[in-house]
Each structure stands twice: as structure tokens, then as C-alpha cells.
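User: I would like to go through this model with you, one point at a time, beginning with a charged pair and ending with the domains.

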Amino acid sequence: MGLGEGRRQRRQPCETTSRLRDAVVFLPLTDAKLTADGETYFMPALNDTYDGEEAQHLRFPSPASGGRLLCLSRNHTADGTKNSYALAWSDALPGGAALLPGLTFVSDIFYDYRNLWHGLGAVVPFVSWYRSSGCKPPARWLLYTRGELQKVMGPWVRAVTEAAMGQGVRIETIGDPSHPTCFEEAVVFRHNEGRMSMRKRGETYDMLRCKARALCNATSAGDDDERGGSPVVRMTVLMRTGTRSFKNESAVVEAFRRACAGFGECRLTVAWTEKLESFCDQVKLMSDTDVLVSPHGAQLTNMIFMDQNSSVMEFFPNGWLEMGGPGQYVYHWLAAKSGMRHMGAWRDPTGMACDLPKTDPRCFSLFYKDQLLGHNETHFINWTAAVLAQAREYKLSKVSAVEGGQTQQQRRSRGCPCGG
């Protein structure tokens with residue numbers, strides 16, 4: 001071997017690394033083109049991993065990424081197409097890149113992380129993955145909305161996430177936009193619960209309920225039933241103020257009070273969302289509720305803290321059925337995923353009329369979406385009586401199971417997954 005040849009061989013690893021580094025290409029984080037249903041693609045050149053159980057996701061490094069790490073560049077908060085991503089080998093990161101150690105959770109959703117419903121939908125797949133992956137918590141979170149970097153997670157969403165994972169949520173903001181940031185390990189969910197199996201969803205919502213109750217020292221509405229005696233059905237009327245509130249609150253409360261009194265073994269609680277000051281106030285109230293009565297709105301997301309097979313009664317202003325679109329069914333879906341029973345909805349037949357053509361979408365946003373609700377005393381009383389009867393039948397079956405000595409085999413463990 002000649003001297004020159006030996007030098008060329010010694011230089012080769014460095015040259016290879018340099019070439020691999022130069023081959024890293026940053027692409028727009030989102031595609032500006034929208035699909036027919038309005039979805040913006042996030043990291044559009046990459047295909048999801050799907051195992052038939054967890055939601056569709058991306059993982060770095062992995063065989064699917066060719067062993068490469070995820071790198072992100074820029075931190076625009078108003079235009080996702082100006083942010084970018086690339087894949088790179090750990091020994092050939094882009095020039096000037098920072099490598100962040102540990103696990104990073106990366107989320108992209110279409111709305112935001114302040115709303116209870118939308119935030120929960122973003123968090124659930126991460127909680128499921130955390131549970132299935134040995135309860136390894138992330139070192140940080142990266143939050144995007146259509147590729148636009150977000151710096152805030154709403155207090156309720158943060159609280160339920162921290163309860164589930166047993167640690168605080170640290171949100172990464174990519175402080176130096178002039179240099180790329182690469183991640184030692186990253187998991188990306190960009191379709192919320194997309195294609196997650198119902199079994200996984202059920203397990204995840206059970207875990208969220210268990211962890212939140214443990215954090216808040218909340219007891220179940222069914223605990224007293226197991227001590228014997230006739231079970232009491234606990235009904236909570238959760239009021240809104242402002243948009244989609246009842247016009248005549250006192251008349252509505254009186255209707256439910258009469259329904260509860262006529263039933264016998266019923267306890268009525270009336271609460272207002274703005275008076276539930278803390279996360280644990282909400283968890284404790286829902287944990288002690290068998291039947292939740294409330295207008296359509298984000299406060300219904302708290303149903304996940306009720307016992308499984310609890311009941312939900314929902315109320316809509318006029319115009320939602322015709323123009324509300326799929327969004328009017330989100331709490332039907334949440335009830336199914338979290339093990340609740342959605343007992344239907346009352347839709348106000350009266351209300352403000354739209355002075356635009358009936359097919360004009362502005363009718364919904366300007367007239368129907370947030371108008372106040374009327375009431376129908378007779379219907380409310382009769383409907384509530386039927387729901388209370390079903391709730392009591394279910395609670396009686398639970399009491400029978402306890403008396404029959406079947407509880408230990410049929411009920412979930414008192415302990416929560418991943419401790420707590």
C-alpha cells in the first residue's frame with residue numbers, strides 16, 4: 001500500500017460524513033395545497049407507520065426513516081410553509097445544528113391546543129404511545145397547528161397531560177431559528193387519533209380517568225353503591241354562561257329538579273363552568289356524576305372523568321342540525337370512545353331567524369352557532385326520567401355483581417397504568 005493510498009483511506013470517513021451532511025435537504029414542513037376536506041399535510045413526503053392498534057405516526061430514528069433523525073428549522077408561528085424539516089444521520093447532522101437529547105413528542109393538529117376537545121384529541125395518541133412504550137416520558141413537546149409553531153397549551157389540556165404522564169409539560173420553541181434543531185428521538189402524531197383501535201382508545205381514556213382521579217383524590221360515583229343499599233343516581237346539570245346558555249336558567253333547573261324528585265333515589269347538582277376554578281374541581285364533580293346534562297360545548301369534554309357507562313344529555317340551539325356539520329357530533333364520538341352512553345340531544349325548534357338565504361354558510365356563524373337555548377319543560381322531565389331509569393338499572397347490575405362476589409374478576413385494577 002502506497003503512502004498516498006493510505007492517506008486517501010484515512011480521509012474517506014470524513015469525506016463520507018461531509019457528503020452525507022451536504023445531502024441533507026430541508027423541505028417545507030407543510031404543503032400549502034389543501035385536500036378536499038381541508039386538511040393540511042404535515043411533513044407531506046413521509047408515510048405513516050401503522051401497526052393496527054396505535055394511531056398513525058412517525059418515529060425517528062426507525063427503519064422507516066432509514067435510521068435517520070428528525071431535524072427542524074425555523075419557528076414561524078403564522079405560516080407553516082416557512083418552517084422546514086429534514087432527516088439526517090446522527091454522525092452527519094446539518095452544519096450548526098443543535099442535537100437535543102431524549103424523547104421529543106411532536107404534534108400537529110388543525111385547530112389549537114387551548115380548546116378542551118381539540119387539545120384532548122391531540123394528546124390521546126401520545127398518552128397511548130407512552131403507555132405502550134414502557135411509560136417513557138418525553139423530555140419536551142413541539143406543538144404545531146397546520147405547521148405553525150405554537151407556544152401555549154391550554155391549562156386543562158396541560159393538566160390532563162401532566163396527570164397522565166406524571167410530570168410537567170415542557171414546550172420547545174426552537175429558540176434559534178437560524179440553525180436547525182435535531183432530535184435524538186422523536187415521535188410525531190399528525191392525525192389525532194387517526195386509525196387508533198377502539199381497544200386502544202378505551203384503554204387510554206381509562207388511564208386518563210384513573211390518573212386524573214388519583215391526582216385529584218377523587219372518588220367514583222359508584223363507590224357508595226358497593227357498600228349496599230339502593231343506589232343513588234347522581235345527576236349534574238352543567239350550565240354555560242354567554243353563548244349557548246339557557247335563556248331561562250331557573251325554569252330549566254326547576255324542570256330537572258322535578259324530574260329528579262319524581263324519580264326518588266336521585267341527587268341533583270347544578271354547576272356553572274366558570275365557577276369550576278381548577279382542573280381538580282372538574283375532575284371531582286364528574287367523578288361523582290352518573291348523568292351529565294349540558295349544552296353543546298367544550299365543557300362536555302369533562303365527561304371522560306365519569307365512570308364508564310355514565311350517561312350524557314346534550315342540548316343544541318336552533319339551526320345546528322341543518323348547518324352544524326360534523327362538529328355537532330363530536331361528543332357522541334367522545335362518549336363512544338371513553339365508554340359513556342350518549343342519550344341523545346334536544347334541539348331547540350325556535351330561535352333567531354337567518355335573514356340570508358338558507359343555504360348561505362354565514363347563517364350558522366352569524367345566527368345559529370352561539371344563540372341562546374329555550375326549553376321544553378314537559379320533554380325535559382320525561383326524557384330525564386327515562387335516562388335516570390336506565391342509569392339506575394345499570395347501577396343495580398353493578399350492585400348485584402358486588403353481592404355475587406364477581407367484582408374482583410370483573411372490575412379494573414384500582415391502580416393506574418404507569419403508576420399513580
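User: What is the N to O distance in the salt bridge between the side chains of Arg209 and Asp206?

Analyst: Since this is a predicted model, the distance is a computed one. Side chains of opposite charge can pair when their charged atoms come close. The rule for a salt bridge asks for a side-chain nitrogen of Lys or Arg within 4 Å of a carboxyl oxygen of Asp or Glu, and the side chains of Arg209 and Asp206 meet with an N to O distance of 2.8 Å.

User: By about how much of the helix are Arg209 and Asp206 separated?

Analyst: Both residues belong to helix 4, which covers residues 198-216. Because Arg209 and Asp206 are three residues apart there, their separation is about one helical turn.

User: How many salt bridges does the count come to by this rule, and how many of them are counted between domain 1 and domain 2?

Analyst: By the rule, the structure has 20 salt bridges. Between domain 1 (19-200) and domain 2 (227-402), Lys337 forms a salt bridge with Glu193, with the closest N and O atoms 3.3 Å apart. For that pair of domains the count is one.

User: Which helices each supply at least two residues of the side of domain 1 that touches domain 2?

Analyst: The contact takes nine residues from domain 1 and 12 residues from domain 2. On the side of domain 1, the residues divide into seven nonpolar, one polar and one charged. The helices that each supply at least two residues of this side are helix 2 (116-132) and helix 3 (155-165).

User: About how much area do domain 1 and domain 2 bury between them?

Analyst: The size of an interface is often given as the accessible area lost when the parts come together. The centres of domain 1 and domain 2, taken over C-alpha atoms, are separated by 35 Å, and across their interface two residue pairs are in polar contact. Of the area buried between the domains, 78% is on carbon and sulfur atoms, and the whole comes to about 970 Å².

Methods. Residues are numbered from 1 along each chain as its sequence is written. This is a predicted model: local features need pLDDT of at least 70, side-chain atom pairs count only at pLDDT 80 or more; totals for chains, interfaces and linings use all residues. Side-chain values use heavy atoms; hydrogens and water are left out. Domain bounds come from an automatic or database domain assignment. Contact means heavy atoms within 4.5 Å. Buried area is the accessible area (1.4 Å probe) that two parts lose on being put together, summed over both. A polar contact is a pair of N or O atoms within 3.5 Å; within protein, one must be able to donate a hydrogen and the other to accept it, and residues adjacent in sequence count only if both atoms are side-chain atoms. Helices (H or I, at least four residues) and strands (E, at least two) are DSSP runs, numbered from the N terminus. Ala, Val, Leu, Ile, Met, Phe, Trp, Tyr, Cys and Pro count as nonpolar, Asp, Glu, Lys and Arg as charged, and the others, Gly among them, as polar.
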